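User: I am new to this structure and would like to go through it step by step. Could you take some questions as I look at it?

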Amino acid sequence: MKTTLTFTLLFFITFFTLAQQAFELTGVVQEADSNEPLPGVVLLIKGTSRGTRSDFDGQFKLAVRLQDTLVVSYVGFETLEHVVESANPVTFHMKVGAALEEVVVTGYAVGSRPRKVRIRGASSVTSGFSLRSKTSGVSIDKVDDIHHVEQQSGQLTAGEVNDLKKWKAWQKEARSRLAKSIASRWEFELSEPLTIEVKDAAGAPLINCGVSWVHQGRVIARAQTNVYGEVTLFAQKPSFHKPVGMIQVYHQGQILGKPIPEQAAIMKFAFDDVLNSPESAVDIQFTVDATGSMGDEMDYLKAELKNIISRLDTTLTQKRVGFTFYRDLSDAYVTRSQDFTANIEKAQQFLNAQHADGGGDYEEAVEEALRVSMEQSWNPKARARLLFLMLDAPPHWNDANVDEIKKQIRRAQEKGIRVIPVVASGADKTVEFLMRFFSVTTNGTYVFLTDDSGIGNPHLKPSASDYTIEKLNDLIVRLISEFAGANQTSNALVSR
């Protein structure tokens with residue numbers, strides 16, 4: 001009797017102890033009839049605002065305790081409840097419910113003409129589209145220390161619009177009343193592009209070659225060629241008539257110059273010597289809005305960034321990563337930076353320490369973030385210098401900030417730094433067009449998160465209609481590879 005009582009007491013003590021300890025529960029969510037994985041399903045610990053979502057493959061991880069009740073919900077499907085009784089992986093089979101009219105099809109554009117988007121690297125998305133839960137009042141993965149689980153990479157989805165490669169489409173969009181008003185407000189005036197191609201005597205592209213557009217003795221635009229020996233310049237005054245001066249190119253103390261022919265779209269230069277190649281190196285700066293409005297996606301972005309910096313092209317002898325996190329002028333800090341480092345562990349430690357907070361109004365200190373980012377120790381000899389600007393809000397609009405923004409974008413252009421905005425949820429059309437002005441001027445490209453992941457608040461659909469949906473980490477790794485010239489094929493900057 002005494003032995004039995006002791007055993008029973010130990011059992012309850014052990015059970016009670018385990019019930020108070022958090023552990024990681026894993027599993028998968030599937031559609032009941034087909035056993036196809038369901039991405040974006042909300043798994044919420046009942047009575048709390050703590051939970052997670054399933055990834056592209058329907059898989060999830062969540063810190064729980066024994067006897068926690070999980071509420072598994074997905075718009076258009078019957079809600080499930082599950083009491084956690086062990087740490088064994090679980091599989092949830094969800095049945096289609098009656099409320100299908102509430103389902104949001106995010107694989108198709110909303111508009112007068114339905115447009116099916118292609119999801120690269122997402123073969124598990126059923127029938128070419130995904131279903132996005134619209135559960136309200138749920139703070140996904142905003143958890144306390146006990147329940148916190150680091151997010152997995154490969155969950156956020158994004159698209160890319162390279163306006164230099166689709167110039168006619170961009171011209172059409174830029175002529176809209178909205179785009180014109182935003183351009184006027186921020187004083188971005190882009191005339192017809194002029195692409196400069198520079199090679200050496202052997203026909204090899206010259207990288208980091210200085211290029212200037214000179215008009216009436218004044219330099220009106222200055223930039224550097226990319227890894228393909230190309231750069232596109234824009235006169236800032238559409239009223240200029242051709243010929244509008246000349247183009248000068250500079251490389252290793254040598255200078256070539258030509259007057260700009262009328263109606264010129266491309267000008268080609270060749271040096272007489274076989275000149276030295278640049279270092280096999282790349283600098284990558286991530287400048288990230290860390291205000292409270294980014295909280296719905298910050299943990300996911302951190303997971304993606306850590307995945308990205310661990311996958312950089314092994315053919316590059318030096319891969320340096322830098323960070324600038326920023327908020328607003330009245331917050332705990334305005335900018336917090338980590339200068340370029342080749343130590344990936346150091347970069348990841350800095351990244352781990354960041355979180356979203358502050359803000360309060362819509363606009364943020366974008367101009368200060370750009371200024372600090374430009375002052376990092378960029379390698380002038382690197383094959384590529386890339387600045388990924390991740391944000392969901394524009395800078396405050398005033399005369400000083402307009403001047404500062406233009407100044408920093410001009411600095412990026414002159415240093416050969418390609419600005420690649422990554423626009424998150426909550427952004428408006430001002431953010432979209434302003435960021436596209438940034439990317440076009442610096443010969444970068446425009447990236448935007450999409451609703452296809454089911455993560456975060458609603459995302460702005462771009463004015464462009466032709467793009468492919470990819471996983472964000474794969475997209476950024478691809479862009480780094482392309483801008484660093486891993487495939488060494490012509491970039492064909494401007495397509496007409």
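User: Which residue in S7 does Val29 stand opposite?

Analyst: Val29 stands opposite Phe92 in S7. Please keep in mind that this is a predicted model.

User: How many bridges join S1 to S7, and do the strands run parallel or antiparallel?

Analyst: S1, residues 23-31, is joined to S7, residues 90-94, by five bridges, and these two strands run parallel.

User: And what about S1 and S4, parallel or antiparallel?

Analyst: S1 and S4 (residues 59-64) run antiparallel, with six bridges between them. Within that pairing, Leu25 has Leu62 as its bridge partner, and Thr26 stands opposite Lys61.

User: In what order do the strands of that sheet come?

Analyst: The order is S4-S1-S7, in an open sheet of three strands with mixed pairing. S4 and S7 are the edge strands, each pairing on one side only. On average, neighbouring strands of this sheet are turned by 35° against each other, direction ignored.

User: Changing topic: what is the mean pLDDT of the chain?

Analyst: The mean pLDDT is 80, and 79% of the residues reach 70 or more. Over residues 11-19 the pLDDT is below 50, and this stretch has four contacts in the model beyond near neighbours in sequence. Residues 237-243 also stay under 50, and for them the model has 13 contacts beyond four places in sequence. Where pLDDT is low, the predicted coordinates should not be read in detail.

User: Now the helices. Which residues of H3 are buried?

Analyst: In H3, residues 177-186, the buried residues are Ala179, Ile182, Ala183 and Trp186. They lie on the same side of H3, because they cover an arc of only 100° around the axis. Arg177 and Ser184, on the other side of H3, are exposed.

User: What do the buried residues of H3 pack against?

Analyst: They pack against three helices: H2 (167-174), H7 (399-415) and H8 (429-441). After H3 comes Glu187, whose phi is positive, near 60°.

User: How many of the residues of H6 are buried?

Analyst: Seven of the nine residues of H6 (residues 366-374) are buried, so this helix is largely enclosed by the rest of the structure. Those buried residues include Glu367 and Ser373, as well as Val366 and Met374.

User: What about Ser212, buried or exposed?

Analyst: Ser212 is buried, with a relative accessible area of 2%. This residue is found in strand S15, residues 210-215. Leaving aside neighbours within four places in sequence, its contacts include Val219, Leu233, Met246 and Tyr250.

User: Last topic: which residues touch the most other members in the largest nonpolar core?

Analyst: They are Phe286, Phe323, Phe325, Phe388 and Leu472, in a core of 41 residues. Among the elements that each supply at least two residues of this core are strand S21 (281-289), strand S22 (318-326) and helix H9 (472-483). H9 gives the largest share, seven residues. In soluble globular proteins, nonpolar side chains tend to be buried together.

User: What is Phe323 in contact with?

Analyst: Leaving aside neighbours within four places in sequence, Phe323 is in contact with residues including Phe286, Leu305, Ala347, Phe350 and Leu351.

Conventions. Residues are numbered from 1 along each chain as its sequence is written. Side-chain values use heavy atoms; hydrogens and water are left out. Buried means under 20% relative accessible area, exposed over 50%, partly exposed in between (1.4 Å probe, protein chains only). Helices (H or I, at least four residues) and strands (E, at least two) are DSSP runs, numbered from the N terminus. The arc is that of the directions from the helix axis to the C-beta atoms. Contact means heavy atoms within 4.5 Å. pLDDT is the predictor's confidence in each residue, from 0 to 100. Two strands pair if DSSP finds at least two bridges between them. Axes are lines fitted to C-alpha atoms, for helices over the stretch in contact, and angles run from 0 to 180 degrees between N-to-C directions. A nonpolar core is a set of buried Ala, Val, Leu, Ile, Met, Phe, Trp, Tyr and Cys residues joined through side-chain atoms within 4.5 Å.
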